[in-house]
Amino acid sequence: MLHTLRPSRPSLPPAVQFPSRPPDGAVPRAGPGGAAPAVPVPCARGCRSVPAVGPGVCLSVCLSVCLSVPGVARSVPGPVLGGAMNRPKAAAVRRPSAVPKPSAHPPPGDFIALGSKGQSGEGKAAVTLLKPAPPGLPSERKRDAAAALAGPAGLPGLTKRPKLSSTPPLSALGRLAEAAVAEKRAISPSIKEPSVIPIEVVPTVLLDEIEAAETEGNDDRIEGVLCGAVKQLKMNRAKPDTTLYLSLMYLAKIKPNIFATEGVIEALCSLLRRDASINFKAKGNSLVSVLACNLLMAAYEEDENWPEIFVKVYIEDSLGERIWVDSPHCKTFVDNIQTAFNTKMPPKTMLLHGEVGRSGGDLSAGNSPHPSMTEEEDSQSELLIAEEKMSPEQAGQLMPRYEDLAESVEEYVLDMLRDQLNRRQPMDNVSRNLLRLLTATCGYKEVRQMAVQRLEMWLQNPKLTKPAQDLLMSVCMNCNTHSSEDMEVISNLIKIRLKPKVLLNHYMLCVRELLNAHRDNLGTTIKFVIFNELSNARNPNNMQILYTVLQHSSEQAPKYLAMVFQDLLTTKDDYLRASRALLREIIKQTKHEINFQAFCLGLMQERKEALYAEMEFKERFVIHITDLLAVSMMLGITAQVKEAGIAWDKGEKKNLEVLRSFQNQIAAIQRDAVWWLHTVVPSISKLAPKDYVHCLHKVLFTEQPETYYKWDNWPPESDRNFFLRLCSEVPILEDTLMRILVIGLSRDLPLGPADAMELADHLVKRAAAVQADDVEVLRVERIQLIDAVLNLCTYHHPENIQLPPG
């Protein structure tokens with residue numbers, strides 16, 4: 001039913017005065033009998049369905065139709081309806097006319113607004129489905145329509161009402177195009193259109209209107225005026241009115257709460273959505289989007305719970321043209337939205353390493369690769385660090401905003417990413433922006449899993465190299481849970497194969513960040529690398545990864561590496577030969593940059609896991625660990641140590657510091673090995689006396705030479721005797737000597753007192769042969785050692801004989 005407003009005066013408002021000539025581009029239609037054509041006058045920007053056909057006719061018909069149809073009335077601006085109302089509502093404004101006209105019924109069902117896309121102020125056609133009309137109405141409507149529009153005598157110059165659409169029926173291709181327009185918002189289907197009817201006012205009086213409405217306490221009008229201002233911004237994105245956006249900025253500064261209503265939020269978010277009618281790359285003006293971000297930030301700065309619609313428009317712009325997501329002027333707003341993802345973003349300084357030039361159109365186009373950091377790049381890094389430091393005000397504005405909506409936001413983001421990744425398209429045809437969005441959402445473990453499976457292909461695609469590098473860094477930095485999902489991510493990261501030096505350098509930088517992300521990532525990474533090295537699908541970068549790991553954690557990495565070797569030796573298959581070869585290769589490829597003492601101590605640590613308690617071959621395990629200890633000590637002979645040893649044999653005192661350091665290292669490892677045989681080995685297994693004595697002699701290098709190289713003929717024949725002599729002619733520590741004596745005094749260990757005394761005597765004499773001014777071969781400070789020697793010399797009668805009493 002139409003409500004009628006009686007105008008205050010018979011003349012038309014200025015906004016709806018008819019022009020005296022047709023608008024530019026309009027084609028005049030010939031009147032009846034070849035008379036002068038009637039000038040079509042367009043309606044006041046809302047109703048396209050019934051064009052104005054002549055003076056004195058259009059307004060009442062046009063407004064009656066458009067105001068009677070839901071969804072069309074709100075597009076009629078406020079000035080058309082006069083200034084009597086605070087907010088425009090669906091009402092009919094009847095233009096005074098000498099010719100009475102019967103009231104027309106609305107068209108059957110919902111109304112389809114037709115017209116070209118460019119005429120729409122909203123930039124979107126309202127496409128709805130026709131509903132079937134109730135029976136009996138069509139004939140009445142036909143009569144009413146004929147009565148309203150027929151009669152050339154009553155309406156001069158009007159011969160026949162034109163049809164709603166003069167276009168021919170759409171072909172199948174045309175219907176597809178219409179469907180595409182209807183689905184223009186497929187990226188974010190759940191973002192609603194603004195639900196408040198906008199009230200448009202002149203920008204110069206915007207502040208006065210808001211103040212007047214606030215004085216009256218009319219919140220609805222405030223909301224409508226703000227939505228009207230947003231509508232004006234939306235219609236003039238390329239060149240927004242200066243007074244309008246400055247007024248909005250002023251309001252956000254003094255009254256930010258007026259923007260925090262549902263209708264205004266929906267309207268502002270519509271400015272952040274992609275507008276298909278505007279090519280931002282061509283026009284290059286993102287002022288409206290930046291303004292909307294900062295208005296929303298001002299409205300929600302104090303609020304800890306932000307609406308989910310912010311995340312939705314963020315996702316849409318991230319996958320689209322990234323108009324405001326990448327803008328430095330929106331950084332605070334974007335950073336607060338990103339708190340929903342719990343993602344630790346890589347700093348810009350890290351992205352300088354391994355930087356590659358972007359394709360045309362990017363900010364860094366033409367940049368050359370950065371295989372290494374020069375002094376100039378170091379200074380650039382310092383500048384970036386200075387830029388990234390937030391001011392105290394910015395730091396205070398950044399806080400978690402989506403703790404209450406964490407589950408729903410995560411579900412929405414994951415659904416969007418799965419939809420993007422599972423589309424039927426070539427793997428190398430992925431958008432760069434999708435990779436950037438994955439980088440920002442790597443706080444979700446499911447995102448890390450989805451990304452890491454495709455990273456190798458993306459890194460090798462020249463079009464995606466830079467965003468793929470950023471994504472790799474983000475995945476590594478956010479592997480911070482050590483859950484089963486993150487362990488799977490690490491396993492896939494280890495399998496990535498890269499050849500270019502720039503990519504490989506960046507990959508190693510990411511490995512370092514992976515180790516920093518969680519303390520347990522170190523052991524997991526080493527384990528996966530060693531297992532991959534022993535598999536059939538060996539990654540050629542394994543040794544470089546190990547080298548990076550050993551450099552990063554020089555104290556802990558050797559311990560975890562030793563634990564992996566322990567795991568290998570617990571298997572049913574005999575892995576000693578493979579373990580010796582693998583250890584030699586690791587030492588060779590890592591250039592001896594491993595803490596041998598820490599590695600050997602790790603081999604000797606007691607393990608409490610069920611695997612070790614139920615181990616089947618415990619005796620073999622101890623013997624094999626002993627062999628690896630001996631190999632490790634010989635592997636400590638570097639080229640410099642070998643050269644110094646040869647020079648010492650010739651009587652030359654050259655590089656003695658290197659030689660003395662090696663000798664002290666062997667002495668410390670032998671001390672730890674004797675401790676292991678004394679305290680740990682008895683708890684693992686009760687070895688046969690022969691095997692126990694063999695292990696003790698082997699770690700002290702007093703065993704037969706062939707026992708050191710019989711497995712794989714290493715050391716080579718030319719170096720065997722020299723290597724064995726270098727490892728045996730070393731100082732002896734007091735603790736080593738003391739434990740050997742204590743082992744001999746123990747009834748539970750198979751080394752007898754005489755054998756222990758003989759072994760101690762041999763070690764002291766061997767150490768004395770190394771005596772020199774710059775080395776201390778033996779230092780005894782505990783008197784208990786003399787007591788142990790004397791106790792070993794005590795006669796103990798055999799236990800299997802009986803002496804006479806007395």
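**Figure 1. Salt bridges of the predicted model.** The structure holds 31 salt bridges, a salt bridge being a side-chain nitrogen of Lys or Arg within 4 Å of a carboxyl oxygen of Asp or Glu. The model is predicted, with local features requiring pLDDT of at least 70 and side-chain atom pairs counting only at pLDDT 80 or more, whereas totals for chains, interfaces and linings use all residues. Residues are numbered from 1 along each chain as its sequence is written, and side-chain values use heavy atoms, with hydrogens and water left out. Side chains of opposite charge can pair when their charged atoms come close. One network of salt bridges links R580, R584, D627, K698 and D712.

**Figure 2. The salt bridge between D335 and K331.** The closest N and O atoms of D335 and K331 are 2.8 Å apart. Both residues belong to helix α12, where they are four residues apart, about one turn of the helix. Helices (H or I, at least four residues) and strands (E, at least two) are DSSP runs, numbered from the N terminus. An α-helix has 3.6 residues a turn, so residues three or four places apart point the same way. D335 is buried, with a relative accessible area of 17%, while K331 is partly exposed at 44%. Here buried means under 20% relative accessible area, exposed means over 50%, and partly exposed lies in between (1.4 Å probe, protein chains only).

**Figure 3. The salt bridge between D761 and K765.** In this pair the closest N and O atoms are 3.2 Å apart. D761 and K765 both lie in helix α36, four residues apart, about one turn of the helix. The relative accessible area of D761 is 38%, and this residue is partly exposed. K765, at 56% relative accessibility, counts as exposed.

**Figure 4. The salt bridge between D735 and R782.** The side chains of these two residues meet at 3.7 Å, N to O. D735 is part of helix α35 (residues 734–745), and R782 is in the loop between α36 (753–768) and α37 (784–792), so the pair ties together parts that are 47 residues apart in sequence. D735 is partly exposed at 27% relative accessibility, and R782 is partly exposed with a relative accessible area of 36%.

Figure 5. Rings of Phe, Tyr and Trp (its six-membered ring) pair if their centres lie within 6.5 Å; planes under 30 degrees apart count as stacked, over 60 as edge-to-face and the rest as tilted. By this rule the count comes to 14 aromatic pairs. The ring centres of F310 and F333 are 5.4 Å apart and the planes stand at 65°, so this pair is edge-to-face. Because F310 lies in helix α11 (residues 308–319) and F333 in helix α12 (residues 331–338), the pair ties together parts that are 23 residues apart in sequence. F310 counts as buried at 0% relative accessibility, and F333 counts as buried at 2%. Y314 and F341 form a tilted pair, 5.7 Å centre to centre with 40° between the planes. This pair links distant parts of the chain, with Y314 in helix α11 and F341 in the loop between α12 and α13 (348–352), 27 residues apart. Y314 is buried, with a relative accessible area of 1%, and F341 is buried at 0%. Ring pairs join Y300, W306, F310, Y314, W324, F333, F341 and Y444 into a cluster.

**Figure 6. Charged side chains over aromatic rings.** A charge sits over a ring if NZ of Lys or CZ of Arg is within 6 Å of the ring centre and within 35 degrees of the ring normal. R660 lies over the face of W648, at 4.6 Å from the ring centre. K698 lies over the face of Y708, at 5.9 Å from the ring centre.

**Figure 7. Helix α18 and its surroundings.** Six of the eight residues of helix α18 (residues 445–452) are buried, so this helix is largely enclosed by the rest of the structure. The buried residues are V447, R448, Q449, M450, A451 and V452. They pack against α16 (406–421), α17 (432–440), α19 (455–459), α20 (465–477) and α21 (484–494), with contact meaning heavy atoms within 4.5 Å.

**Figure 8. Helix α27 and its covering helices.** Helix α27 (residues 596–603) is mostly covered, six of its eight residues being buried. In α27 the buried residues are F596, A598, F599, C600, G602 and L603. Their covering includes α25 (556–569), α26 (576–589), α29 (618–635) and α31 (656–684).
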